[in-house]
Every structure is written in C-alpha cells, then in structure tokens.
Amino acid sequence: MSTWPANLQDLEEPASRVLDPVAYDYYRSGGGDEITLDRNRDAFARLSLLPHVLRDVSDLDLRTKLLGTPTSLPVAVAPTAFHGLANPDAECATARGAAAADAIFCLSSLSNTTIEEAAGAVEGPPGWFQLYVFRDRELTRSLVERAEAAGYSAILLTVDAPVLGRRERDIRNSFELPGHLTIACVDDHVGAPEGESGLAAYFASQLDASLEWSDLEWLVEISGLPVAVKGIHRPDDAERAIEAGAAGIVVSNHGGRQLDTVPATIEMLPPIAEVVGGRAEILLDGGVRRGSDIVKALCLGADGVMVGRPILWGLALDGSDGVRRTLNMLRIELREAMALCGAARLSDLGPELIATV
C-alpha cells in the first residue's frame with residue numbers, strides 16, 4: 001500500500017477490499033450474535049489509565065521473555081488458521097514479518113503451511129506451535145515431536161473448542177478451503193456440506209471432544225517444551241492447569257468465536273492473575289488493538305498479549321512487510337503509552353496505573 005493506515009483498527013476496511021468476501025467473513029466472524037466479539041474491544045475502552053508524572057522515561061525498555069522465549073516486545077502473533085486465504089506465501093510470510101519485527105510467531109495446527117516450512121522461513125527459532133488434540137493420539141504426538149524437532153520453543157494447547165462455536169457467517173457462506181489449500185500440518189482438506197461450515201464439520205469429525213485434565217498431564221509429560229493452556233476463562237481452571245504442569249495460561253475466548261456472551265478477556269484477567277500468583281506466565285488475547293491496551297493488560301497481571309485479526313489484515317495488504325508494519329505500529333504505541341504513564345520498564349506497569357473511579 002502506498003499509504004499505510006494510521007492504526008490497527010484502520011487496517012480492516014482496506015483488507016476487506018482485497019480479500020475474497022468469504023475469507024473476510026471467516027476471519028472477522030464471531031460466535032452467535034457476536035456479543036463477545038464486540039465486548040473484547042469495549043471492555044478495554046471502559047478501563048481508564050491514571051499515569052504517574054515526573055518519571056524518567058528517556059530510556060524505555062520493552063524487552064522480556066515469554067514462555068522462555070526472549071523478545072523485544074511483549075506481543076506475540078496469535079495462532080490463527082488458514083493464512084493462505086490472505087496471501088500466497090501463507091504462514092511463511094507471517095513468520096517472516098514477525099521475525100522482522102522481533103516478535104514471537106505462533107503457528108496454528110490449522111495452517112496452510114507445514115510445521116517445517118514455517119520454521120524454515122526464518123533464521124533462528126521459529127516461535128511457538130498451537131496444538132489441537134486430534135482423535136488420533138499418535139497423530140497428535142507426532143505434531144508435538146515435529147514442532148520440537150523443528151525448533152519451536154513452546155506448545156500452546158487450545159482447550160476452549162471441544163466443538164466449534166456457531167459462526168453464522170461461515171454457515172451462510174458454506175465456508176470451505178479453496179482447492180489449492182489444505183490443512184498442511186496433517187494434509188487434510190476442509191470441504192463444506194451444503195448449508196454448513198466446513199470447519200465445523202472438520203472439528204466434529206477429527207478433533208477430540210473428550211479432552212480432560214489428564215490429557216493436559218499427558219501432553220506435559222510427552223513434550224520437551226513448555227506447555228501453555230489457551231482458552232482459560234476461570235480462576236479455578238487456571239489453578240487446575242498449573243497443577244497439571246502448565247507453564248503458562250492464555251486468557252482467551254478465541255477472539256469471540258466460540259461461546260457467545262462470555263466476558264471480555266480483559267475482564268477475566270484480574271481474578272485469574274490473582275489465583276496464578278506468579279506460578280505460571282499469563283498471556284491475554286482478544287481485542288488488543290492499541291498500545292494502551294497492552295499497558296492495561298500488563299497492569300492487570302498479564303506478562304504479554306497476543307494479537308490475531310490485525311495480523312491477518314496486515315498480511316492481506318502487504319504480505320510479510322504488512323505483518324512487520326502492523327507489529328511495529330503496536331511497538332510505537334506501546335512506547336508512547338508507557339512514557340505517558342511514567343513507566344520506563346515493563347516491570348513499572350502495575351494495578352495502580354488503572355483508575356478505580
């Protein structure tokens with residue numbers, strides 16, 4: 001693009017013009033009436049920051065480690081499916097863009113690029129791998145082993161999708177993958193029965209809805225990598241995840257795409273952070289669109305955030321460079337928000353910066 005949008009929210013409209021309408025609906029859709037989809041953003045807007053002044057912010061430092069992975073930005077690319085709908089280079093382009101921005105990339109199990117191809121697209125560690133548990137446990141085990149062999153540094157187990165949420169845009173469109181794209185990690189195609197979402201049908205036939213806490217223990221045992229649990233909504237489930245060996249908790253409602261009317265992730269974060277009490281790392285996704293949103297999440301107990309849809313908009317607009325520019329916009333906004341809050345380090349961000357009135 002000759003003129004790049006001024007912020008992440010301005011990316012969506014031009015991206016919608018270059019994407020196939022069915023692909024755009026797939027990316028932007030939420031579950032049910034899309035109440036939670038909207039709530040994720042609205043809840044950030046309802047939080048107010050109460051900054052310190054006369055603090056030395058001449059030397060800002062955004063560096064951190066997330067699940068043991070060093071990064072210069074407390075932002076990771078959330079695992080999202082089917083990047084081939086946005087760009088011919090698919091997840092390889094996304095991985096390159098994230099690496100150029102020195103941000104962590106998380107590859108989805110439902111990628112259009114294999115585990116090995118995405119890893120080979122960048123120099124150095126490729127980031128994290130998101131796992132769905134398939135009915136075929138040996139297939140699941142092989143995905144974990146392949147991710148470890150390819151150099152991924154953590155596994156994110158998604159637990160909030162025993163069945164796929166009812167995404168009515170996909171149902172109306174009979175969403176399916178075009179013939180040239182597959183779920184490359186397992187070499188499967190997604191076709192749509194008439195009047196249904198092909199992805200919902202795929203989930204029902206291939207993924208394991210019987211997943212229990214013992215399965216998390218099994219995954220921790222077989223994996224040589226830290227395992228984070230993605231899709232935690234409740235403090236008691238966060239506690240159980242830690243007891244089962246999880247190294248991280250991802251407070252997530254799947255971008256508002258699963259059970260509609262659940263709370264926004266930023267609303268769920270404080271009680272989860274309280275019960276975790278530093279025993280595991282906490283990430284948050286859902287609705288993060290501004291540097292000030294990142295500040296709010298870190299003030300309320302997150303160690304980092306994940307960003308999904310804006311990455312896809314950037315990918316659709318300008319491939320890997322669009323991903324890089326999207327992440328760098330967040331970097332610029334985060335630096336500004338921290339400076340204006342009087343915080344020179346991520347460790348300076350705490351609950352006292354959130355207004356209580």
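Of the 9 residues that make up helix 12 (residues 291–299), 8 are buried, so this helix is largely enclosed by the rest of the structure. Here a residue is called buried when its relative accessible area is under 20%, exposed when it is over 50%, and partly exposed in between, for a 1.4 Å probe and protein chains only. Helices (H or I, at least four residues) and strands (E, at least two) are DSSP runs, numbered from the N terminus. The model is predicted, so local features need pLDDT of at least 70 and side-chain atom pairs count only at pLDDT 80 or more, while totals for chains, interfaces and linings use all residues. Residues are numbered from 1 along each chain as its sequence is written, and side-chain values use heavy atoms, with hydrogens and water left out.

The buried residues of helix 12 are Gly291, Asp293, Ile294, Val295, Lys296, Ala297, Leu298 and Cys299. They pack against helix 3, strand 3 (75–77), helix 11, strand 9 (281–285), strand 10 (304–307) and helix 13, where contact means heavy atoms within 4.5 Å. Just after helix 12 comes glycine 301, with a positive phi of about 120°.

Two of these partners, helix 3 (residues 35–46) and helix 11, also meet each other. Two packed helices are described by the angle between their axes and the distance between the axes. The axes of helix 3 and helix 11 come within 7 Å and cross at roughly 65°; axes are lines fitted to C-alpha atoms, for helices over the stretch in contact, with angles running from 0 to 180 degrees between N-to-C directions. Helix 3 and helix 11 are therefore roughly perpendicular to each other, on a scale where angles under 35 degrees count as roughly parallel, over 145 as roughly antiparallel, 65 to 115 as roughly perpendicular and the rest as oblique. Helix 3 contributes Arg39, Asn40, Ala43, Phe44 and Arg46 to the contact, and helix 11 contributes Thr265, Ile266 and Glu267. By class, the contact has 3 nonpolar, 2 polar and 3 charged residues. In this classification Ala, Val, Leu, Ile, Met, Phe, Trp, Tyr, Cys and Pro are nonpolar, Asp, Glu, Lys and Arg are charged, and the others, Gly among them, are polar.

Helix 11 (residues 265–276) also holds isoleucine 272, which is buried with a relative accessible area of 0%. Leaving out residues up to four places away in sequence, isoleucine 272 touches Ile232, His233, Arg234, Pro235, Ala238, Ile249 and Val251. Isoleucine 272 and glutamate 239 are 33 residues apart in sequence, and their C-alpha atoms are 8.6 Å apart in space.

The aromatic residues come next. The structure holds 8 aromatic pairs. Rings of Phe, Tyr and Trp (its six-membered ring) pair if their centres lie within 6.5 Å; planes under 30 degrees apart count as stacked, over 60 as edge-to-face and the rest as tilted. The rings of tyrosine 26 and tyrosine 27 form a tilted pair, with centres 5.8 Å apart and planes at 50°. Tyrosine 27 and tryptophan 313 form an edge-to-face pair, with ring centres 6.2 Å apart and planes at 70°. Because tyrosine 27 lies in helix 2 (residues 21–28) and tryptophan 313 in helix 13 (residues 309–341), this pair ties together parts that are 286 residues apart in sequence. Both tyrosine 27 and tryptophan 313 are buried, and tyrosine 26 is buried at 4% relative accessibility. Ring pairs join Tyr24, Tyr26, Tyr27, Phe82, Phe175 and Trp313 into a cluster.

The ring of tyrosine 26 also has the charged end of arginine 257 over it, 4.8 Å from its centre. A charge sits over a ring if NZ of Lys or CZ of Arg is within 6 Å of the ring centre and within 35 degrees of the ring normal. The charged end of arginine 137 is likewise over the ring of tryptophan 218, 5.6 Å from its centre.

Two loop residues remain to be described. Most residues other than glycine have a negative phi, and most peptide bonds are trans. Leucine 54, in the loop between helix 3 and strand 1 (64–66), has a positive phi of about 55° although it is not a glycine; leucine 54 is exposed, at 87% relative accessibility. Histidine 254, in the loop between strand 8 (248–251) and helix 11, has a positive phi near 65° and is buried, with a relative accessible area of 12%.
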